[in-house]
Amino acid sequence: MIKSLAVLGSTGSIGVQALEVARLHGLKIEALTAGSRIDILENQIREFLPAVAAVADEKAARELKVRVADTPTKVLSGEKGVCECAACSAESVLNSIVGIAGLAPTVSAIEAGSDIALANKETLVAGGKFVMALAKEKGVSILPVDSEHSAIFQSLQGCADKKQIKRLILTASGGPFFGKKKEELENVTIEQALNHPNWSMGAKITIDSATMMNKGLELIEAAWLFGMPAKDIDIVVHRQSIVHSLVEYSDNSVIAQLGVPDMRIPIQYALTYPDRFESPVRQLDLTEFGTLTFEKPDYETFSCINLCRRAFEKGGLYPAAVNAANEKANELFRQGKIGFLDIARAVSNALETAPQKNDYSLGDVFETDRLIRSQTERLFL
Ligand code: NAD
Ligand code: MG
């Protein structure tokens, strides 16, 4: 098992659970970062005494510096500081930053030669081409933390030849609005959208689950991670969130990973791979559930799924564009400035208007992100 770890986005839902796993296994924490919530970060610094910590927000970073002046931890600030933390040369860097803000730190960590435990799906959605190529060049592993991708990764163990994989099947909980039609979703509230049936997560991904954009982003993430064409990645709604995803092989045998919905299993596996250790997660008692159900997604109502599929198939900067539109619209919805269905409208608009460029750089990805964000804002305000 790895001995040293950096956690980026340590104050969030995944970050806090990652530190719980680290505590349990006595991992040395080299670096911690947060966006702006310094109360939690201060407590984490006092417990884990990392060499370095960073806060993206400059003002919050200045305050934290004063607060932890009595500790050996050096406090950095801004995106640059977060990237410096990512490059701290820990054996593994767990990236649980939310949104495109996670992309540059992922690149920094790979350049420094650390393995990546990746929760930040936006990294691969927007920058998959560069991140996968750089990881290969540096001999770095990217181990998935997202539960579906961890399930696929686990179901792929022992597969000697990629040609034997026929299909990846991503499961989706369906979110709080499963079964509803578009007309019923026009006026849903933020509180209703934040009420996820099975998982307790950060606000952005919880809204992504309600629109099912999350499953579209995960489709793109899976395509990059496992080198599969989008047409060989299927989605099935599984309301109980027990079967976390499946792999179909050439003989039509299907292998799945199951467990209670608790992110500490995929987080731990990304840190202990290829070994397994005891975990605080409760055992799965299948008889408690009795029936597991599987249904087709309603692609008409939850149009974001196929908008992401199309973006990936179009390639180039399209995935970065749909990601940026979603990130901005998701934020505007949470601020009460736009309606729920406007999120899919923004994503659809980005698919129409994204810059067409087949030969693009990482700089183009960040530029597209900025462009589509401001375009999305203008669309509604
Ligand atoms: P969260 O909102 O709870 O936490 C996000 C973290 O990122 C916080 O520590 C925050 O301070 C930090 N952050 C925010 N903006 C930042 C910025 N501009 N620069 C640097 N740091 C910043 O989110 P979460 O639910 O923990 O999700 C994190 C990532 O993991 C997302 O990409 C999400 O899609 C993915 N993910 C989450 C879950 C889950 O169960 N929560 C499951 C699968 C994948
Ligand atoms: Mg997931």
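Student: Which residues line the largest cavity?
Tutor: On a 1 Å grid over the protein atoms alone, a cavity is a set of points where a 1.4 Å probe fits but cannot get out, a pocket is an open set with protein on both sides within 12 Å along at least five of seven lines, and lining residues have an atom within 4 Å of a point. Here the largest cavity is lined by Lys182, Leu185, Thr211, Thr301, Phe302, Ser303, Cys304, Phe340, Leu341, Ile343 and Ala344. Two or more of these lining residues come from each of α8 (182-185) and α16 (340-353), and α16 gives the most, with 4 residues. Helices (H or I, at least four residues) and strands (E, at least two) are DSSP runs, numbered from the N terminus.

Student: Before we go on, what kind of model is this, and how are its parts numbered?
Tutor: This is a predicted model, in which local features need pLDDT of at least 70 and side-chain atom pairs count only at pLDDT 80 or more, while totals for chains, interfaces and linings use all residues. Residues are numbered from 1 along each chain as its sequence is written, chains are lettered from A and ligands numbered from 1 in the order in which they are written, and side-chain values use heavy atoms, with hydrogens and water left out.

Student: What volume does the largest cavity have, and how does its lining divide by class?
Tutor: A volume is the space filled by probe spheres set on the points, with grid points joined across faces, edges and corners. For the largest cavity this gives about 70 Å³. As for classes, Ala, Val, Leu, Ile, Met, Phe, Trp, Tyr, Cys and Pro count as nonpolar, Asp, Glu, Lys and Arg as charged, and the others, Gly among them, as polar; the lining has 7 nonpolar, 3 polar and 1 charged residues.

Student: How many cavities does a search of the whole structure find?
Tutor: The search finds 2 cavities of 30 Å³ or more. The second largest cavity holds about 50 Å³ of space, and of its 13 lining residues, His244, Gln257, Asp262, Ile265 and Pro266 are the closest to its centre. At least two lining residues each come from α7, β11 (254-258) and α12 (264-272), with the largest share, 3 residues, from α7. By class this lining has 6 nonpolar, 6 polar and 1 charged residues.

Student: What does the second largest pocket look like by volume and lining?
Tutor: Its volume is about 340 Å³, and among its 14 lining residues the closest to the centre are Phe153, Leu156, Lys162, Leu225 and Phe226.

Student: Are Asp146 and Glu218 buried or exposed?
Tutor: Buried means under 20% relative accessible area, exposed over 50%, and partly exposed in between (1.4 Å probe, protein chains only). Both Asp146 and Glu218 are buried.

Student: Which polar contact does the side chain of Arg46 make with another side chain?
Tutor: A polar contact is a pair of N or O atoms within 3.5 Å; within protein, one must be able to donate a hydrogen and the other to accept it, and residues adjacent in sequence count only if both atoms are side-chain atoms. The side chain of Arg46 makes such a contact with the side chain of Asp70 (3.1 Å), and a polar atom of the Arg46 side chain lies 2.8 Å from the backbone oxygen of Arg67. Arg46 belongs to helix α2 (residues 38-48) and is partly exposed, with a relative accessible area of 35%.
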